[in-house]
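Please read it alongside the sequence and the coordinates.

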Amino acid sequence: MKVAVMSCIHGNYEALNAVLSDIDDHKADKIYCLGDLVGYGPHPNAVVEMIRALDIPTCQGCWDEDIVEGLNSCECSYPSVLAEKRGKLAHDWTNQVIHPEVREFLAQLPLSLRDENLCFVHGSPHNQHEYLLPEVDAFVAMERVLATGADILFCGHTHVPYVRSLDAGQLQIRVKSTGTTERDISFSAPLKRIVNAGSVGEPRHGRPNATYVIYDTDADQITLREVEYDYQKTCAAIIDNGLPPIFAWRLARGLEFAERADDPTHVCER
Amino acid sequence: MNDWAILSGIEGNLAAYEAVLADIKRLRQPVEELYILGDVIAPTVESEQVIQRVRSPQQNEPVPQVCQGWWEEQLLILHGLGRTGEPTELIERYGIEMVKTLWDAIPREMVEWVRSLDFGLFELDCLLIHGSSVSVSDELTPDTPAIQMLDRLMRMDANTLFCGRSGLTFQYEIQQGTVTSSMTTLDRSTSPQAIAVKPRQVVGVGNVGRLPGQASYALYHPNSNQVEFRTVRYGAGKGFQPASP
């Protein structure tokens, strides 16, 4: 069975169409979406309507949450003051144009999805806003997979796709408690994987192409897909709709501009 | 460097706190730092006196450094100053009546002091916190899975995490560990690399006020990285008798 997983569409209808065509070409049996259907991009309603029409199981992303709950993240959710300012502009625009039924749909999305030994989340199992970047410590990464009870954790949020394998994890522990004898404990974990699906509509891997992943369960093979599309159409729509031009600039380059988090593992507590 | 005394959960029990302070004064090795890992208060009328005592140490006593605990967080939520708007956790654990009981127990003028407390303290390579780096409600115990313990340490890159939420005294040493990690991106693949974990530990510092007549706390020797647990019995006819771990 082939499972296609995509994330972070961000209102980019052109990119979504291209990815759906590519998924069709690869004859995927199932599609999952890891949220952030809206925000930054010019077609939030069309994207949500397409996902609904195709009945694609989707979990809620941080942008979807913010559109439903109101912008409730503190400034630490944004990696820089500049990013925060631009993010708020995009939030306000999206909030104005979103249809009521689209907002309702986003509100009822689950935080995680499960399919046998696969788990699907937006950021991490602990928080939609947590970034599981490739450089996250291997033990921290392993904890995130183990917390789900799955073997493969699919996530998005960083907009950069990757496959991380964590194998032969083991820990030696000694526990001393008052009134009990000292205990030595061994902990071991078999192969666990984190698969980041990248971003359909706002890629940040250095090229403008949309990214997603296909997991072949029979062959146990994960393929990172990069799909070309007419990104200039989306860039033009961003400008035409009065969204910050920087979103078009970075979409055309596949770059995260001046928005690297000082502490990407930080989780907003609000 | 002299010892640290680390305690948690006075829970508005002034006699228990006085017994611990008296025990600290009797120690051969002087205590340089006194850390209180939250739950200074509880829904008791004595809480106000405990706050006053904590804020006004005597001349020969170390000045306590205090962080927020579970009860402090509940109080702040009631006053609209917490991380969430509703006291859901308080009601789930103790029922709706507890909202009024806690509100009435702590005078409003004390709330600003509670609000000024840090979420946690970081000294040398040690994180001192009520629950964990996740929240005040996070209860670490000797039975917490190892990978979860390691996560709580690594979130703040601490070598030692002192906590008090469980009320238990324990020392949980992560002595060694490895995992093999490999990465594939669109542009490159890295071959598998063995990643080792350095030794780290989580220490439960016990509870001062919850159990009538018996308080527990921890001593830490930063130079030797040694932990010692103290149990102090107090009240009529019990004297002050430190017990070995």
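This is a predicted model: local features need pLDDT of at least 70, side-chain atom pairs count only at pLDDT 80 or more; totals for chains, interfaces and linings use all residues.

Two strands are taken to pair if DSSP finds at least two bridges between them. By that criterion, strand E6 of chain A, spanning residues 162–177, pairs with strand E8 of chain A, residues 192–196, through five bridges in the antiparallel sense, and within this pairing Arg164(A) has Ile194(A) as its bridge partner.

E6(A) also pairs with strand E7 of chain A, residues 183–189, again antiparallel, and the two form a hairpin with five residues between them, in whose turn Gly179(A) has a positive phi of about 85 degrees. Across the chain boundary, E6(A) runs antiparallel to strand E7 of chain B, residues 169–185. The pairings of E6(A) are collected below.

| Partner of E6(A) | Bridges | Sense |
|---|---|---|
| E7(B) | 14 bridges | antiparallel |
| E7(A) | seven bridges | antiparallel |
| E8(A) | five bridges | antiparallel |

Individual partners can be named here too: Val163(A) is bridged to Thr184(B) in E7(B), while Arg174(A) is bridged to Asp184(A) in E7(A).

Chain B, for its part, holds an open sheet of five strands in the order E3-E2-E1-E10-E11, with mixed pairing. Strand E3 (64–66) and strand E11 (226–233) of chain B each have a single partner strand and stand at the edges, so one side of each has no neighbour in the sheet. Ignoring direction, neighbouring strands of this sheet are turned against each other by 25 degrees on average. Strand E2 of chain B, residues 31–36, runs parallel to E3(B) and is joined to E3(B) by three bridges, with Tyr35(B) standing opposite Gln65(B).

Terms used. Residues are numbered from 1 along each chain as its sequence is written. Chains are lettered from A and ligands numbered from 1 in the order in which they are written. Side-chain values use heavy atoms; hydrogens and water are left out. Helices (H or I, at least four residues) and strands (E, at least two) are DSSP runs, numbered from the N terminus. Axes are lines fitted to C-alpha atoms, for helices over the stretch in contact, and angles run from 0 to 180 degrees between N-to-C directions.
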